[in-house]
Amino acid sequence: MPEVPLEMQVKLRHVNREVDRHNVVRFYYRKGKGRRIPLEGEPGTDEFLASYERAKMTDAAPKGKTPVKVREVRKNTLRWLCVEYFGSAEFKLLDPRTQKVRRQILEHCLDEPVEPGSQHLFADYPLDRITPRAIKVLRDRKLGAPEAANSRVKALRQVFAFGLDEEDEHGNALVDRNPARDVSYFDGNSEGIHAWSLAEVEQYEKKYPTGTKARLALDLLLYTCQRRSDVVRFGRQHVRNEVLTFTQFKGRKRKPVTLELPIIPVLRKSIDATKTGDMTFLINDLNRGFSDAGFGNKFREWCNKAGLPQCSAHGLRKAGAARLAELGCTDRQIMAITGHLTEKEVTRYTRSANQKVMAKAAMKRLAKNTR
């Protein structure tokens, strides 16, 4: 009988399998070249999951220090479902940064007490008792930060959607419903990340003239309306006949979006005037391409030195979309540039700009008919 692959036996990261000289199968946890920690129990059992959680905490604890005590992972609880989700293909196909953020969001939810002051955590909440009301409790605890509240709902929707599609050893779904789907998002803080104003762009441009790396970074972000994860990868190999062709980095494994964007003259001037790399336009002090995080930190530094601590790289993507809206571009035209898949996503960026355009047109009509 052929051996069952490890990934079909254990859907947990950094779990390794070995067969000793006595032909006994053993499992252990080892992250990279880190500590080798034996795991107890059989894969899929409560004992094994609890052992896995203890191993993660032991590995994360500084040498010589006692790791934080890990609560037992009981089957059919919210933590158990999250652990299954973290080991799934759906989760592993997400961008590494998305994985990190989503895991943090869910871990924070799991560590929340079911009631203020209670010793009982949402981690131990039985799946068959989780209702939309319970999800609302987790959402509403972030009432002062609507984006964070919505992120909780979104993450839990994904976990329960996974549970509906995944089957246990008996062929039954891990859960029979998705309670998070019945919980709405908050409308508050709809403006989200600060979009640069024209005055802020001019302030930045005054600080960093054409020919500097800081200016090229701004021009690439503003005149392509792309994310920093795309901008740091742009290079001459993506350009042909003054058209920039690329597949957006975010979502490339699940819903790839390929765009062809003309390079407008102001951006071409900035590229030609700046020292660039062989494979990327933007290079760091070591003449190498930036990492996503490295570029984010550097751009943060440039903004701070320009007296713009409220501004960010993502805010330029939003500002670019808003500027297109003010110029009269339709949502569909803007989507063709930003790569958004739904008009709802674009509307979040362009709502205030569209209001401004429509108000201007309406007042022009009013003025014409009141002379």
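Predicted model: local features only at pLDDT ≥ 70, side-chain atom pairs only at ≥ 80, totals over all residues.
Mentor: Residues are numbered from 1 along each chain as its sequence is written, and side-chain values use heavy atoms, with hydrogens and water left out.

Trainee: Why is helix 9 called roughly antiparallel to helix 11?

Mentor: Helix 9 (residues 213–224) and helix 11 (residues 265–273) pack at about 155°, and their axes are 10 Å apart. Axes are lines fitted to C-alpha atoms, for helices over the stretch in contact, and angles run from 0 to 180 degrees between N-to-C directions. Angles under 35 degrees count as roughly parallel, over 145 as roughly antiparallel, 65 to 115 as roughly perpendicular and the rest as oblique. The angle of about 155° therefore makes helix 9 roughly antiparallel to helix 11.

Trainee: Which residues make that contact?

Mentor: Helix 9 supplies Arg-215, Leu-216, Asp-219, Leu-220, Tyr-223 and Thr-224, and helix 11 supplies Val-266, Leu-267, Ser-270 and Ile-271. Contact here means heavy atoms within 4.5 Å. By class, the contact of helix 9 with helix 11 has six nonpolar, two polar and two charged residues. Ala, Val, Leu, Ile, Met, Phe, Trp, Tyr, Cys and Pro count as nonpolar, Asp, Glu, Lys and Arg as charged, and the others, Gly among them, as polar.

Trainee: What makes helix 9 and helix 12 roughly perpendicular?

Mentor: Helix 9 and helix 12 (residues 292–305) pack at about 110°, with axes 11 Å apart. That angle falls in the range from 65 to 115, and helix 9 and helix 12 are therefore roughly perpendicular to each other. On helix 9 the contact uses Lys-213, Ala-214, Ala-217, Leu-218 and Leu-221, and on helix 12 it uses Phe-295, Phe-299 and Trp-302. The residues of this contact of helix 9 with helix 12 are seven nonpolar, no polar and one charged.

Trainee: How do you know how helix 3 lies against helix 7?

Mentor: The axes of helix 3 and helix 7 come within 10 Å and cross at roughly 80°. That makes helix 3 roughly perpendicular to helix 7. Leu-78, Leu-81, Cys-82, Glu-84 and Tyr-85 of helix 3 meet Gln-158, Val-159, Phe-160, Phe-162 and Gly-163 of helix 7. The residues of the contact of helix 3 with helix 7 divide into seven nonpolar, two polar and one charged.

Trainee: Why are strand 1 and strand 3 said to stand at the edges?

Mentor: An open sheet of three strands has the order 1-2-3, with antiparallel pairing. Strand 1 (15–19) and strand 3 (37–38) each have a single partner strand, so one side of each is left without a neighbour in the sheet.

Trainee: How do you know that strand 2 pairs with strand 3?

Mentor: Two strands pair if DSSP finds at least two bridges between them. Two bridges join strand 2 (residues 25–29) to strand 3. Tyr-29 stands opposite Ile-37, and the bridge partner of Tyr-28 in strand 3 is Pro-38. Five bridges join strand 1 to strand 2, and there Asn-16 stands opposite Tyr-28.

Trainee: What joins strand 5 to strand 6?

Mentor: Five bridges join strand 5 (residues 243–247) to strand 6, and the two run antiparallel. Thr-245 has Glu-260 of strand 6 as its bridge partner.

Key. Helix = DSSP H or I, 4+ residues; strand = E, 2+ residues; numbered from the N terminus.
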